[in-house]
Every structure is written in C-alpha cells, then in structure tokens.
Amino acid sequence: MLSDDSNACTSDGCDGATGGCTHNPSAGACDDGDACTSGDSCSGGKCVGGAAKVCSDGDACNGVEICAGGACQAGTSSACDDANVCTDDTCDSKTGA
C-alpha cells in the first residue's frame, strides 16, 4: 500500500520488509506558498523559500518597497515636508525629493 504524504519534497514508497510507508527526502523545485519568494527548492524533505521577490513600481517617493502578504507594499515614503504650512509639499517620483 503506497501512502502519499502530499509533500512535494519527499519520495513516497513502501518498505517491502515491513510493509510500512516510506517518505524519503527528495530534491527539486517546489512552491513554499509564499508569493514573495521565487526559485523555491526542496531541502531535507521540506520546501525552502528562494530569493525574495524584488518590488519596484518606479516611484522613488515610495521608498524601498517590500513584498508582504504576497504583494508589493510601499516602503517608508520620502520626507518632503518642509514644515511650512504656507507651501504645498510634493515629491518628484523620479528623484524621490
């Protein structure tokens, strides 16, 4: 009887001597379920996240963007407030200033 453990990082089999199931670690690509990583791979029978997804929408005013919750999120925005209530503060999306 072959028992599938639903783990993409193991090779399922049967021990002929005992009749028990085996789940040996295997290599290869997998999906760790985190949309913020890419190039996930199997290691030691577990799926390990690959490189962090690079986020950039080309707007320097968003600061360094990060991937969180499976989507790109704006980082800390540029400090363009001159503390003068008599001026309109804006940020140039190309320079971040």
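This is a predicted model: local features need pLDDT of at least 70, side-chain atom pairs count only at pLDDT 80 or more; totals for chains, interfaces and linings use all residues.
The side chains of Thr-37 and Asp-40 are joined by a polar contact of 3.0 Å, where a polar contact is a pair of N or O atoms within 3.5 Å; within protein, one atom must be able to donate a hydrogen and the other to accept it, and residues adjacent in sequence count only if both atoms are side-chain atoms. The side chain of Thr-37 also makes a polar contact with the side chain of Asp-32, at 3.1 Å. Thr-37 belongs to strand E3, residues 37-38; strands (E, at least two residues) and helices (H or I, at least four) are DSSP runs, numbered from the N terminus. With a relative accessible area of 19%, Thr-37 is buried, because buried means under 20% relative accessible area, exposed means over 50%, and partly exposed lies in between (1.4 Å probe, protein chains only). Leaving aside residues up to four places away in sequence, Thr-37 touches Asp-32, Gly-49, Gly-50, Ala-51 and Lys-53, contact meaning heavy atoms within 4.5 Å.

Residues are numbered from 1 along each chain as its sequence is written, and side-chain values use heavy atoms, with hydrogens and water left out. The protein has a mean pLDDT of 83, and 93% of its residues reach 70 or more; pLDDT is the predictor's confidence in each residue, from 0 to 100. Strand E4 (residues 41-43) has the highest confidence, at 95, and strand E8 (residues 71-73) the lowest, at a mean of 83.

Glu-65 is buried yet has no salt bridge, and Lys-53, the nearest side chain of opposite charge, is 10 Å away. The side chain of Glu-65 does reach the backbone nitrogen of Asp-57, at 2.9 Å. Among the residues that Glu-65 touches, not counting those up to four places away in sequence, are Cys-55, Ser-56, Gln-73 and Gly-75.

E1 and E2 form a hairpin with six residues between them, and Gly-19 in the turn has a positive phi of about 80 degrees. Gly-13 stands opposite Thr-22 in E2.

Ser-11 is in strand E1 and is partly exposed, with a relative accessible area of 38%. Thr-22, His-23, Asn-24 and Ser-26 are touched by Ser-11, again not counting residues up to four places away in sequence.

Two further serines complete the picture. Ser-6, in the segment before E1, has a positive phi of about 60 degrees although it is not a glycine. Ser-6 counts as exposed, at 68% relative accessibility. Ser-43, found in strand E4, is partly exposed at 45% relative accessible area. The C-alpha atoms of Ser-43 and Gly-28 are separated by 8.4 Å, with the two residues 15 residues apart along the chain.

Notes:
Lys and Arg count as positive and Asp and Glu as negative; His and the chain ends are not counted. A salt bridge is a side-chain nitrogen of Lys or Arg within 4 Å of a carboxyl oxygen of Asp or Glu. Two strands pair if DSSP finds at least two bridges between them.
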